[in-house]
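Please look through the structure shown below together with its sequence. The briefing that follows goes through selected residues and helix contacts, grouped by topic.

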There are 2 protein chains.
Amino acid sequence: MEFPSKLIESAVGELSKLPGVGKKTALRLALHLLKAEADTTATLAEALAKMRFEIRYCDTCHNISDTPECSICANQLRDQSTVCVVSDIRDVIAIENTAQYQGMYHVLGGVISPIEGIGPSDLTIDSLVERVTKEGSEIREVILAISPTMEGDTTAFYLSRKLRDLPELNVSTIARGIPMGGELEYADEITLGRSIVERQRQAR
Amino acid sequence: MEFPSKLIESAVGELSKLPGVGKKTALRLALHLLKAEADTTATLAEALAKMRFEIRYCDTCHNISDTPECSICANQLRDQSTVCVVSDIRDVIAIENTAQYQGMYHVLGGVISPIEGIGPSDLTIDSLVERVTKEGSEIREVILAISPTMEGDTTAFYLSRKLRDLPELNVSTIARGIPMGGELEYADEITLGRSIVERQRQAR
């Protein structure tokens, strides 16, 4: 695709580096910005740069934060005895949106993936172990809320091995089964099989 | 959706103002930028701001340009006698990509749309008429390459009325019919009907 202007060409080039944005979408976004008020672009550019250069990560849980301690870790009303381990910041936001969890978090920053060259030392696993074993730690339960993929299960297994020397610590995992609204006949065999083996008592 | 950081919240807010970008996509883009090199964000922000604030529009054809005269208008090798009228800069890029057209362009900047409050005076129609009627003008043909929608047809009709006092000027429109690879049975009735009435002689 040839562009009549170098300026638009470089803007389209940069936009199309974003995930899920191709050349045509990038051009549509660039032309949208050109048609909109100049302020829109200025605010967008500034918000992106500010986010990238000023954002911090919580020293305790590695969640994104504006301050050295994130708002969840700083909240004394939350249950300090439970830590929910997730791979990604997105998972924190997703779980927070359910409003069903009042404990703390620990963001691993990914999952163990030999193919992508991500080993345990690239994640915040040591920081989690330190947090749990630290003197005076109130943590009684670690919930492994990691996506049940090959890499996720490997990570969960590695973590439970790392934590098994702590007999007083409960390690749990999120419930797996048929999702709400899901059709039994379309569920995969492994999920359906496990959901029968690990059946739950019906509330009566 | 609640965010753990005001910085990411404002970046997601600004990104989700882009067309076709919802809150979830915006968050994905923001987290991608956070994970990528800081340079990526800096270059993107700079390219967007530079594009918005430094881009110019060609004085003659209103195409985007880095200079007062765009590269197409400045190219003396192109056919100065034909002007292709399009609604949008995107159409110029699309026609240029076909490599089938060697003439000039005129970008209207939209189509007449009473619903959106866009009248003839909001478009560069006067500039086109002036360009065609100017003393010494070499323009012999105006091609109306406007999308055959309700608004597009209205605009084309308005333009042809504006230009009908120039008997020496040929006004043409792009060919309409069944697109290449299109199935006759799925074509709409109006297109199919017109493609039969305006049938073309088969090359033999």
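This is a predicted model: local features need pLDDT of at least 70, side-chain atom pairs count only at pLDDT 80 or more; totals for chains, interfaces and linings use all residues.

Residues are numbered from 1 along each chain as its sequence is written, chains are lettered from A and ligands numbered from 1 in the order in which they are written, and side-chain values use heavy atoms, with hydrogens and water left out.

**Residues with positive phi**

- Most residues other than glycine have a negative phi.
- His62(A), which is not a glycine, has a positive phi of about 65°, and this residue lies in the loop between strand S1 (56–57) and strand S2 (64–65) of chain A; helices (H or I, at least four residues) and strands (E, at least two) are DSSP runs, numbered from the N terminus.
- Ala99(B) also has a positive phi, near 60°, in a residue other than glycine, and its place is in the loop between helix H5 (89–98) and strand S4 (103–107) of chain B.
- With a relative accessible area of 56%, Ala99(B) is exposed.

**The nonpolar core**

- A nonpolar core is a set of buried Ala, Val, Leu, Ile, Met, Phe, Trp, Tyr and Cys residues joined through side-chain atoms within 4.5 Å, and the largest one here has 105 residues.
- Which residues have the most contacts inside this core? They are Ile8(A) and Ile8(B).
- Leaving aside neighbours within four places in sequence, Ile8(A) is in contact (heavy atoms within 4.5 Å) with residues of chain A including Phe3(A), Leu27(A) and Leu31(A), and with Met51(B), Ile55(B) and Ile64(B) of chain B.

**Helix contacts**

- Two packed helices are described by the angle between their axes and the distance between the axes; here axes are lines fitted to C-alpha atoms, for helices over the stretch in contact, and angles run from 0 to 180 degrees between N-to-C directions.
- Helix H3 (residues 38–54) of chain A and helix H2 (residues 23–35) of chain B have axes that come within 9 Å and cross at roughly 45°.
- That angle makes H3(A) oblique to H2(B), because angles under 35 degrees count as roughly parallel, over 145 as roughly antiparallel, 65 to 115 as roughly perpendicular and the rest as oblique.
- Leu48(A), Met51(A) and Arg52(A) in H3(A) meet Ala30(B), Leu33(B) and Leu34(B) in H2(B).
- By class, this contact of H3(A) with H2(B) has five nonpolar, no polar and one charged residues, where Ala, Val, Leu, Ile, Met, Phe, Trp, Tyr, Cys and Pro count as nonpolar, Asp, Glu, Lys and Arg as charged, and the others, Gly among them, as polar.
- The axes of helix H2 (residues 23–35) of chain A and H5(B) come within 11 Å and cross at roughly 145°, with Leu27(A), Arg28(A) and Leu31(A) of H2(A) and Ile89(B), Arg90(B) and Ile93(B) of H5(B) making the contact.
- The residues of the contact of H2(A) with H5(B) divide into four nonpolar, no polar and two charged.
- Within chain A, the axes of helix H6 (residues 125–133) and helix H7 (residues 150–163) come within 11 Å and cross at roughly 35°.

**Further residues and their surroundings**

- Asp153(B) has its place in helix H7 (residues 150–162) of chain B and, at 34% relative accessibility, counts as partly exposed.
- Not counting residues up to four places away in sequence, Asp153(B) touches Ser147(B), Pro148(B) and Arg176(B).
- Glu168(A), found in the loop between H7 and strand S6 (170–173) of chain A, counts as exposed at 71% relative accessibility.
- Met180(A) lies in the loop between S6 and helix H8 (189–197) of chain A and counts as exposed at 84% relative accessibility.
- Met180(A) and Ala47(A) are 133 residues apart in sequence and 37 Å apart in space, C-alpha to C-alpha.

Technical notes
Buried means under 20% relative accessible area, exposed over 50%, partly exposed in between (1.4 Å probe, protein chains only).
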